[in-house]
Amino acid sequence: MSAMALPLGKDLVGLEHLTSEQILQILDTAEPFKEISERRIKKVPVLRGKTIVNLFFEASTRTRVSFEFAEKRLSADTVNISASGSSVVKGETLVDTARNLEAMRIDMVVMRHGASGAARFLAERIPSHVINAGDGWHEHPTQGLLDLLTIRDHLGRLDGLKVCIVGDILHSRVARSNIYGLRTLGAEVAVCGPRTLLPPMVEELGCHVLPHIEDAIQWADVLNVLRLQLERMESGYVPSLREYNRIWGVTSERMDAAPRDILILHPGPMNRGVEIDSDVADGSHSVILNQVTNGVAVRMAVLYLLAGGQPERAEAAKQGGEA
Amino acid sequence: MSEKICLRGGRVVDPSQSLDEVRDVLLVDGHVVSSGEGGGIPEDARIIDCSGLVVTPGLIDVHVHLREPGEEHKETIATGAASAAAGGFTSICAMPNTDPPIDDPAGVGFVVAQGRKAAKARVYPVGCISVGRSGGRLALVGEMVDAGAVAITDDGSPVMDSGLMRLALEYAQTFGIPVADHPEDITLSAKGHMNEGVMSSRLGLAGKPNASEDIHVARDLMLAELTGGHIHLQHCSTRHGVEMIRQAKARGVRVTAEASPHHLVLTEAAVEGYRTEAKMNPPLRSQEDVEAVRVGLADGTLDTIATDHAPHHYDEKEAAFAEAPNGIVGLETALGIVLTRVVKEGLIDLSTMIERMSCQPARAFNLPGGTLAEGAVADVTVFDPNEVWTVDPAAFVSKSRNTPFGGWELEGRPRLTIVGGRIVWSA
């Protein structure tokens, strides 16, 4: 297949450098794929004969499982490699791991890695398609895409919406992918959290900074609430989880003061009672489980497009044609 | 037994004698001999035509990493000294962050011996400030100086303990050597991989803020003032750092300070795409900082150009950005970079360049050379200021290739490097 035929290029390493047309193409392609997961027999032959390696250098359950479902429902052959027990822990370099996989003639690599830039690094060095499943603090593009799809599903648009990302922005690849994708599609983005957990000069990434969660709730159409990892407290970014909840927690009392309905997203896994209270997470405005469902469809769309599928042929491809 | 060499008809630039004129330079028995007005050239002297070329006191780099002992796959003292000669350097000062570190007279003696054996550029050892570079107690400074050390530093790491830095600045005065510091408060920067700013935020990389350098520059200046000791600040990269050094010099504090070629010509933008060949410590900083470093070089606040030559094996840099080591090689590109991007852009003149790359480094570290005055050691660099060439890392004499300057077209290239009256490199 020629590069011309690939609407996304060879790889998906991030949303920062995608155009709004490319992002919308992925979201639109995800629509027909949603239905596959609702069938009794959840399998179509779109990626039959393709070999995909899920290469996870960091622990992941949700993302890895979501990719694996997407791959299997498109009939790809998949292999999972996780850091523990692999040659990685025996000191093999990323380049050597990649070259060895390449030598076994694979088609795609889905990689999660702890270092920012790792996905791009791999993509520049192997001819297979690379999908970034999270690189350090940098990007997690499929999470960003499933967030965009979920917001669009519920509010009908992205352009002109006000989305506030709440919590640990500094260490969050989800936050960066959200910022880039949302801004490209015309949404206004704010971040809210303790200054210790905001990236330096985050304003210059095109975000408003809202120090107080009350202000965020007044301002936003959508809150994307990030997980506060326990280790952030241990390394001193916040004094205690209790204090974090008291000052930045998304609670039903605070939500009651909202001037409009606010959509609640969370990339999971949640710390109930820390960044979000249970009655908000389980409440009527929460679309957290819709995000998970959309994750599979978005990943199917990305796999399909990178494998050379054309967006307008996605519906037909489901019926038995190959990508 | 060195031969007699007459460098004929070159433009001799020697700021130590306020000299910039076309004349001959005669080297006999390893020393510069007055050539007079056309006469006095011995019949058996080898005449080398230098017309169209620039003849200067040999370049001196007071900040290089030669990796031996311990990391000979990156560089050895022999390959580093050869790389220096190929870059027009006649003397280099080897940092002690080897494995084991150079923290005792035996280690210093080893570096001296390997340097003599290499017989390229002169290699001067710099010893550690603290035993094992651990930041604990003072190393055997006096005995290291006896064995040939010309300065002390824990470079690679800063001295975090201000009390230890005070002791070093006091103790070193007996021996007349500078205390060189890599100014960095690592409590602010240890996790960082590049300059802290909007770019690090975008790339999702932890940053090293300017303040991490500024705080230690300020501290070192205060301690030099307190003790009367000579502080040599390495690879200065921040605008506030430059300003503080300027003020301290005006107060009479004994401070000398380096600018590295990469901090004079590159900003953090070179990191785009997670390019590990643009990863070094201190990191490439903002345009505003680069401007300040350039102004500091021009007005003499930063009195020395030093490369911080830091070789790494290619597969060590072939890694995700956060996992790649800091540092770039610099010996074979320094002259071309400074000529092309500093001198020819009008920031400093040729004479000031030689002052910063030869005369002042010799003074700051009390080294022979830095002058072509009668009787001086016959350490001479001859370069063609107009030769246009393209940097090809594969052609480096150094063992390592880690440079951000690959493919750059430069104007000005060394032609002849003479150490002690002996030609150690020619092109």
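**Exercise 1.** Determine how many residue pairs are in polar contact between chain B and chain A, and describe the interface around them.

*Solution.* In this predicted model, the count between chain B and chain A comes to 8 residue pairs in polar contact, with both residues at pLDDT 80 or more. Turning next to contacts in general, 18 residues of chain B touch 22 residues of chain A. The two chains bury about 1700 Å² between them, and 55% of that area lies on carbon and sulfur atoms. Of the area that chain B buries against chain A, 32% is supplied by Ser201(B), Arg202(B) and Glu318(B), more than by any other three residues.

**Exercise 2.** Classify the ring pair Phe33(A) and Tyr304(A), and locate both residues along chain A.

*Solution.* Over all chains there are 4 aromatic pairs. The ring centres of Phe33(A) and Tyr304(A) are 5.3 Å apart and their planes stand at 65°, so the pair is edge-to-face. This pair links distant parts of the chain, since Phe33(A) belongs to helix 1 (residues 20-34) and Tyr304(A) to helix 12 (residues 288-306), 271 residues apart. Both Phe33(A) and Tyr304(A) are buried.

Technical notes. Residues are numbered from 1 along each chain as its sequence is written. Chains are lettered from A and ligands numbered from 1 in the order in which they are written. This is a predicted model: local features need pLDDT of at least 70, side-chain atom pairs count only at pLDDT 80 or more; totals for chains, interfaces and linings use all residues. Side-chain values use heavy atoms; hydrogens and water are left out. Rings of Phe, Tyr and Trp (its six-membered ring) pair if their centres lie within 6.5 Å; planes under 30 degrees apart count as stacked, over 60 as edge-to-face and the rest as tilted. Helices (H or I, at least four residues) and strands (E, at least two) are DSSP runs, numbered from the N terminus. Buried means under 20% relative accessible area, exposed over 50%, partly exposed in between (1.4 Å probe, protein chains only). Contact means heavy atoms within 4.5 Å. Buried area is the accessible area (1.4 Å probe) that two parts lose on being put together, summed over both. A polar contact is a pair of N or O atoms within 3.5 Å; within protein, one must be able to donate a hydrogen and the other to accept it, and residues adjacent in sequence count only if both atoms are side-chain atoms.
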